[in-house]
Amino acid sequence: MDAAVQALKEGKKEQMLGIIRESGNSSWKWLQNAYVVSDPKEQSIPYALALSELFMKKKGRGVCRLHGGGFAGVIACITAKEDTAEFVEYLSRYLGNENIHVMGIRQKGAITVE
């Protein structure tokens with residue numbers, strides 16, 4: 001992830017998103033840790049990733065990836081602000097609104113508040 005941090009520091013947004021995409025593809029497609037080994041019929045994470053990729057391809061922007069511990073955990077999606085409401089509505093039709101959580105990212109990461 002050093003390359004992603006460097007791209008972010010240099011303001012190279014598209015390069016950073018490409019690195020996130022490659023990392024996500026590695027987890028999903030090569031490591032295949034988007035599946036529940038004990039329940040191979042459970043396909044909610046690959047389904048959510050595929051739906052997200054279709055939406056983002058149509059928009060020509062955004063990235064999604066398996067996130068967290070893997071093995072059918074959660075996905076993280078980065079969309080343009082102007083696409084967020086439409087993306088949430090789109091995914092909610094298939095996954096249920098209760099399964100979609102919009103998050104904001106601060107300019108500063110973890111900091112000490114005194």
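Predicted model: local features only at pLDDT ≥ 70, side-chain atom pairs only at ≥ 80, totals over all residues.

Q: What does the side chain of Asp83 meet in a salt bridge?
A: That would be Arg61, with 2.6 Å from N to O. Asp83 sits in the loop between strand 2 and helix 4, and Arg61 in the loop between helix 3 and strand 1, so this pair ties together parts that are 22 residues apart in sequence.

Q: And which network do the salt bridges that share partners make here?
A: Arg61, Glu82 and Asp83 are joined into one network. Arg61 also forms a salt bridge with Glu82, where the closest N and O atoms are 3.8 Å apart. Glu82 is in the loop between strand 2 and helix 4, while Arg61 is in the loop between helix 3 and strand 1, so here the pair ties together parts that are 21 residues apart in sequence.

Q: How accessible are Arg61 and Glu82?
A: Arg61 is partly exposed, at 36% relative accessible area. Glu82 is exposed, at 59%.

Q: How many salt bridges does the count come to?
A: Five. One of them pairs Glu10 with Lys12, and their closest N and O atoms are 2.9 Å apart. Glu10 is partly exposed, with a relative accessible area of 43%, and Lys12 is partly exposed too, with 39%.

Q: Why would side chains like that pair up at all?
A: Opposite charges on side chains can pair when the charged atoms come close.

Q: OK, what about Arg65, where does that lie?
A: Arg65 is in strand 1. Arg65 is buried yet has no salt bridge. The nearest side chain of opposite charge belongs to Glu22, and that is 10 Å away.

Q: Then which side chain does Arg65 join in a polar contact?
A: The side chain of Ser23, in a polar contact of 2.4 Å.

Q: Let me zoom out a bit. How many helices and strands are there in the protein?
A: Four helices and two strands. Starting from the N terminus, the elements go α-α-α-β-β-α.

Q: And what box do the C-alpha atoms fill?
A: Roughly 45 × 35 × 30 Å, taken along the principal axes. The protein has 114 residues, and 32% of them count as buried.

Q: What about the lining of the largest pocket by class?
A: The lining of the largest pocket has 26 nonpolar residues, eleven polar ones and eight charged ones.

Q: And the second largest pocket, what volume does that have?
A: The second largest pocket has a volume of about 150 Å³. The lining here is 13 residues, with Arg21, Glu53, Gly62, Val63 and Cys64 nearest the centre. Helix 2, helix 3 and strand 1 are the elements that give two or more residues to this lining. By class, the lining of the second largest pocket divides into six nonpolar, three polar and four charged residues.

Q: You mentioned Gly62. Where is the place of Gly62?
A: Gly62 is in the loop between helix 3 and strand 1. With 14% relative accessibility, Gly62 counts as buried. The C-alpha atoms of Gly62 and Thr79 are separated by 4.6 Å, although the two residues are 17 residues apart along the chain.

Q: Last stop: which helix does Ser92 lie in?
A: Helix 4. Ser92 counts as buried, at 16% relative accessibility.

Q: Which backbone oxygen lies 2.7 Å from a polar atom of the Ser92 side chain?
A: The backbone oxygen of Val88.

Key:
Residues numbered from 1 in each chain as written. Heavy atoms only, no water. Nonpolar A, V, L, I, M, F, W, Y, C, P; charged D, E, K, R; others polar. 1 Å grid on protein atoms, 1.4 Å probe; cavity = no way out; pocket = protein on both sides within 12 Å on 5 of 7 lines; lining within 4 Å. Points joined across faces, edges and corners; volume = space filled by probe spheres on them. Salt bridge = Lys/Arg side-chain N within 4 Å of Asp/Glu carboxyl O. Buried < 20%, exposed > 50% of the residue type's maximum accessible area, 1.4 Å probe, protein only. Lys, Arg positive; Asp, Glu negative; His and termini not counted. Polar contact = N/O pair within 3.5 Å; in protein donor to acceptor, adjacent residues only side chain to side chain.
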